[in-house]
Amino acid sequence: MKLAKKIFIAAVAIVLVAGSVAYVLYQQVLNYAKEPLNLTQEKIFTVPSGTGRVALEGLLVNQNIINQTDKFQWLLKFRPELAKMKAGTYRLQPNMDIEQMLALIASGKEAQFSIRFVEGYRLSDWTNILLDAPYLQHEIEGKTPTELYALIGFDGDTTLEGWLYPDTYLYTAGTRDVDILKRAHQQMKKNVEEIWQGRDKDLPYKNAYEMLIMASIIEKETGVDSERNQVASVFVNRLKKNMRLQTDPTVIYGLGDKYQGKIYRSDLDNYTPYNTYRIDGLPPTPIAMPSLASIKAAAHPAKTDYLYFVADGTGGHTFSRTLNDHNRAVKVYRKIEKQNDK
């Protein structure tokens, strides 16, 4: 009996000691979970597909996000909900602790990146922006126009120019660049259809595409919101009177890479399909990606008698009804230009 009692006491002592050790370890692990990451600035961290507990720790240690310690694996055992890591790319912040980092990776809330498509830019500009964007899966490079149009679902019979909506688009790592173009195209298509349905009557456009072409010209002529409808009125009035549009941005677009920042008289005299000093009516396609404001201006031009406008030297324009008034406004602008050049 004495031996059995001694064995029992020893067993209880072992259990108590083990429990005490386990409790101490548990507390150490909980404290470890609250330790900050080794970061002084934001870190983009990617968890590849198929990453397990040990591999995750290796990635974090190799990138100096955490220090090597056996407590990391103990934490995942004590807190199994933190071990359910999801593949993806995450933003780790310097104020995060280890528990918060693991909770983020377990949540699957990947980092959001943004890309800005600016109104007035051309398709070629947007393509370059996409190719330079980080964490995208690039598929547009080397594609022919036909192949690109098929990928994004563009069913037009001309060019994608003008058919992409300027906006900021969010994406996660691994998103295909063609999917962003597809979103931009679908948004522009929706906006054009809606605005075309609510357009003013008696506009000199045969279809919504001509309205989009006009919007692209308005976009390139002014960045002043309050002027867009007046600029639209000038071009609409000229079309109704069978006057040529004579707008420099179309000439520039027609010159392509030949344009080096200045238009010469020879450029105005030479024929291109986009030279509105030489062609009647609208150019064959848009010359840029117009903003929603410019599309609305094309659909709802101001009711004016204006046929001309010229820059006023302050960022806006002076509008005129007659050629004589326009010529006087041009002289004023040239005088301001000379003063600014001094």
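Predicted model: local features only at pLDDT ≥ 70, side-chain atom pairs only at ≥ 80, totals over all residues.
Guide: Residues are numbered from 1 along each chain as its sequence is written, and side-chain values use heavy atoms, with hydrogens and water left out.

Visitor: Why is His185 called buried?

Guide: Buried means under 20% relative accessible area, exposed means over 50%, and partly exposed lies in between, with a 1.4 Å probe and protein chains only. His185 has a relative accessible area of 1%, and is therefore buried. The residue is found in helix α7, residues 177–197; helices are DSSP runs of H or I with at least four residues, strands are E runs of at least two, and both are numbered from the N terminus.

Visitor: What is His185 in contact with, leaving aside its neighbours within four places in sequence?

Guide: Contact means heavy atoms within 4.5 Å. With those neighbours left aside, His185 is in contact with Ile152, Gly153, Phe154, Leu160, Trp163 and Leu164.

Visitor: Why is His326 called buried?

Guide: The relative accessible area of His326 is 14%, so the residue counts as buried. His326 is found in helix α13. Leaving aside its neighbours within four places in sequence, His326 is in contact with Tyr308, Phe309, Val310 and Ser320.

Visitor: What makes the pairing of Arg91 and Glu42 a salt bridge?

Guide: A salt bridge requires a side-chain nitrogen of Lys or Arg within 4 Å of a carboxyl oxygen of Asp or Glu. The side chains of Arg91 and Glu42 meet at 2.7 Å, N to O, in a salt bridge. This pair links distant parts of the chain, 49 residues apart: Arg91 is in strand β2 (residues 88–92), and Glu42 is in the loop between α1 (2–33) and β1 (43–47).

Visitor: Why is Arg91 called partly exposed?

Guide: Arg91 has 26% relative accessibility, and so counts as partly exposed. Glu42, at 40%, is likewise partly exposed.

Visitor: What makes Arg244 and Asp280 a salt bridge?

Guide: Their side chains meet at 2.9 Å, N to O. Arg244, in the loop between α9 (228–240) and α10 (248–255), and Asp280, in the loop between α11 (265–269) and α12 (292–299), are 36 residues apart and link distant parts of the chain. Arg244 is partly exposed because its relative accessibility is 33%, whereas Asp280 is exposed because its value is 59%.

Visitor: Where do Asp325 and Arg328 lie?

Guide: Both lie in helix α13 (residues 323–341), three residues apart, about one turn of the helix.

Visitor: What makes a set of residues a nonpolar core?

Guide: Its members are buried Ala, Val, Leu, Ile, Met, Phe, Trp, Tyr and Cys residues, joined through side-chain atoms within 4.5 Å. The largest nonpolar core has 58 residues, and Met211 and Met214 have the most contacts inside it. Helix α8 gives the most to this core, with nine residues.

Visitor: Which residues is Met214 in contact with, leaving aside its neighbours within four places in sequence?

Guide: With those neighbours left aside, Met214 is in contact with Tyr205, Phe235, Val236, Leu239, Leu282 and Ala298.
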